[in-house]
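Let's take a walk through a structure together, one piece at a time. Keep the 3D view open and turn it as you read.

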Amino acid sequence: MPDVQPLVSEFVLKLKRRKVEGSHAVARQTAELLRSVVSQHRMGSTNQAAALADAVRGVGEQLIAANPIELAVGNIVRRVLHIIKEEDISSTAVGIEGLSVTAESDDEYESGNDDHPTLSAAVLAAHARNALRAPSLQTLLEDIPVSTALSRSASSAGDSDGKSGDKSSKSRKLKHDVIAAIGDLIDEIDTCYDQISEQAVEHIHQNEVILTLGRSRTVKEFLYAAKEKKRSFRVFVAEGAPRYKGHVLAKELVEKGVQTTVITDSAVFAMISRVNMVIVGAHAIMANGGVIAPVGMNMVALAAQRHAVPFVVVAGSHKLCPLYPHNPEVLLNELKSPSDLLDFGEFSSCMNFSTQDGTPLLNVVNPTFDYVPPKLVSLFITDTGGHSPSYMYRLIAEYYSADDLVVRRKSTSS
Amino acid sequence: MEPDASSAAAAQNPNPNPSTGPPPISAVIRSSRATTMMELEIELKKASDKLKSWDATSISLSAACDLFMRFVTRTSHLEHEKFDAAKSRLIERGEKFGEISLKARKTIAMLSQDFISDGCTILVHGYSRVVLEVLKLAASNRKLFRVLCTEGRPDRTGLRMSNELAALGIPVKVLIDSAVAYSMDEVDMVFVGADGVVESGGIINMMGTYQIALVAHSMNKPVYVAAESYKFARLYPLDQKDMTPAHRPIDFGVPIPAGVEVETSARDYTPPQYLTLLLTDLGVLTPSVVSDELIQLYL
């Protein structure tokens, strides 16, 4: 599709240059881009869903490679792939059910080259639904011949309705459905704040003391919502060095009339004994329930655990990542410019590259993210409600299809 | 019920290898003269009970039998078909079971590759086909890693494992079972197989797995369990003694005086809180997923 390529490369460039940052912005723009990829995609006559998924996968690969740290990109690509699969299956299931009445005559010639007994339409539809689910014990024995039976029936369904007009309307319907579903996804990304903050009053009680680190829009909305429901509570804001977004949050909270105290990050442990609950945002939630969060979060989580203070993570479902963290401190991290930490003018003598063997004595490491292991998290609040870390896999199974998680798997199973 | 059907099942179980669940069962179906699903089901139930009693200690055997029975009794496939078609489908599935377990090991090996990074040291305990497959694939992907192999007393399965690994050109070091804590600081992760994965998400495995998991947990090292999903069993052991005991003779090299008791249990139970992740053919799972899968199937 030559028409979307400029859009794609523009977004790739933006991602590479870190011009778009933050899961929400990235997720939203990815979804919008993929929507235009789908709408520009010219539908072929056969195997439309696979071709469409291929196009999305191709674009998705470029986007993920452009900024692998923004896990939201991959999440949205996988969500869209899942949507395509879902819409395709629902449309073929409807098609097959309709066909089964008319296909009686076809049956004889079909069973001629079939060793397997022909399956009835209802069974096939059930399998189509099964195919969407993650592999489970239940389908372990059922799985084997299903894919062949399904593809055969799908192709025969395609062959038997000879009218081309019918076919093109069907393909248009698939595309239309997919676009509509991506639209829903974008809405979902936009409304996740409302959905999450609706639950605020259930978690924040009268006269409680809340601690948070840095600034997260989700946390801000969450606290706003509690304030609007006439809860009175106090908030400790750890400033979140080196970006000091906590200052911004403190200002915003005070504007809404919330009693706010700013503390340094290093004062978290000193203050934690007075805190009733820690509420923080996240960059991404991994499949094991671990959290990728702004740097300093692990320290807060450990302090909270030491004093048995609930550590609550609020995050929209677009931050739910189906991957497992392998070596997250290194692989899922980004080192930012040292200028956040040091004033170059003052430290210029220490950074002199001409000393000794050409390496300066002073090194600056400025990582963006922390990995908080699942055992330190008490609760996740997403747009679908509160969940424990060990339950995250279940949400993931709902949002993503299993064969998109590990892309390599596809080549071996087929 | 024909007596020959169930005895056929028992006779066709040539070795007490845990993963030979359903093939004999499909022999039962083939030799059965039942004319309705109900009859066939009763026959199968009897055959599988007999099969289980053949080796009452094998968890994966009984788990695989249960899984197959479940498939017979509730699969939506079979409802819409004529009896003969359903029967031939069941036979086919039974025969495919070996294939499923082979495919499962391949899937697990593939999923686990991300967990093995260059330069890491892996501790393994005893002999496990799945773990061997995992390490084999990692070696063929040119990953550089080192394996510490426990001896695996009393039957020295660890030595067998180390032989196989050495043959693949993987650097191996053999430890006596009691040197695990001593060596744990140089270990990056622990990989173990499982005889059975129980409903709590814990595992029943060769003696010594529990203490390795405890040591690893206290030193903050991840413990990964590689297990095929047909090993998920409907058991909920409450403690170490709450299992059908499997005994194994132990050769101490010196005569044990009369009146001294010997602990000959061959397996222990590792509770889920000491396991990091389960690598199965259903994907990478946290221990709590296991009960979820079992509930979905047997509810």
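Is the crossing of helix 1 of chain A and helix 2 of chain A left-handed or right-handed? It's left-handed. Before we go on, keep in mind that this is a predicted model.

**Two helix pairs**

Let's stay with that pair in chain A for a moment. Helix 1 covers residues 5-16 and helix 2 covers residues 23-40. Their axes are 10 Å apart, and the packing angle is about 165°. An angle over 145 degrees counts as roughly antiparallel, so helix 1 of chain A and helix 2 of chain A are roughly antiparallel to each other. Who touches whom? From helix 1 of chain A come A:Leu7, A:Val8, A:Phe11, A:Lys14 and A:Leu15. They meet A:Val26, A:Gln29, A:Thr30, A:Leu33, A:Ser36 and A:Val37 in helix 2 of chain A. Sorted by class, that contact has seven nonpolar, three polar and one charged residues.

Now hop over to chain B, where helix 7 (residues 129-140) packs with helix 8 (residues 157-167). The angle here is about 20° and the axes are 11 Å apart. Angles under 35 degrees count as roughly parallel, so helix 7 of chain B and helix 8 of chain B are roughly parallel to each other. Their crossing is right-handed. On the helix 7 side of chain B you'll find B:Val131, B:Leu132 and B:Leu135, and these meet B:Met161, B:Glu164 and B:Leu165 in helix 8 of chain B. By class, the contact of these two chain B helices has five nonpolar residues, no polar ones and one charged one.

**A sheet in each chain**

Next, the strands. As background, strands of a sheet pair through backbone hydrogen bonds, either parallel or antiparallel.

Chain A has an open sheet of seven strands with mixed pairing, in the order 3-2-1-4-7-9-10. Which strands sit at its edges? Those are strand 3 (259-263) and strand 10 (385-387) of chain A, each pairing on one side only. On average, neighbouring strands of this sheet are turned by 25° against each other, ignoring direction.

Chain B has an open sheet too, built from three strands in the order 5-6-8, with antiparallel pairing. Strand 5 (196-197) and strand 8 (267-270) of chain B each have a single partner strand, so one side of each is left without a neighbour in the sheet.

Here are some of the strand pairs, with a residue pair you can look up for each:

| Strand pair | Sense | Bridges | Residues facing each other |
|---|---|---|---|
| Strand 7 (residues 311-314) and strand 9 (residues 379-382) of chain A | parallel | three bridges | A:Val314 and A:Ile381 |
| Strand 9 and strand 10 of chain A | antiparallel | three bridges | A:Ile381 and A:Gly386 |

Look for A:Ile381 in the table. This residue is the bridge partner of A:Val314, and A:Ile381 also has A:Gly386 in strand 10 of chain A as a bridge partner. How many residues does the hairpin use to join strand 9 of chain A to strand 10 of chain A? The hairpin goes through two residues.

Most residues other than glycine have a negative phi, and most peptide bonds are trans.

In chain A, the peptide bond from A:Ala241 to A:Pro242 is cis, with omega near 0°. You'll find A:Pro242 in the loop between strand 2 (234-238) and helix 12 (245-255) of chain A. Chain B has a cis peptide bond from B:Arg153 to B:Pro154, again with omega near 0°. B:Pro154 lies in the loop between strand 2 (145-150) and helix 8 of chain B.

Then there's A:Asn207, a residue other than glycine with a positive phi, near 60°. Look for A:Asn207 in the loop between helix 10 (200-203) and strand 1 of chain A.

Chain B averages a pLDDT of 84, and 89% of its residues score at least 70. Over residues 1-21 of chain B, though, the pLDDT is below 50. Beyond near neighbours in sequence, this stretch has 36 contacts in the model. Where pLDDT is low, the predicted coordinates should not be read in detail.

How values were computed
Residues numbered from 1 in each chain as written. Chains lettered and ligands numbered in written order. Predicted model: local features only at pLDDT ≥ 70, side-chain atom pairs only at ≥ 80, totals over all residues. Heavy atoms only, no water. pLDDT = per-residue confidence, 0-100. Contact = heavy atoms within 4.5 Å. Axes fitted to C-alpha atoms, helices over the stretch in contact; angles between N-to-C directions. Helix = DSSP H or I, 4+ residues; strand = E, 2+ residues; numbered from the N terminus. Parallel < 35°, antiparallel > 145°, perpendicular 65-115°, else oblique. Left-handed = near helix turned anticlockwise from the far one by under 90°. Nonpolar A, V, L, I, M, F, W, Y, C, P; charged D, E, K, R; others polar. Pairing = 2+ DSSP bridges.
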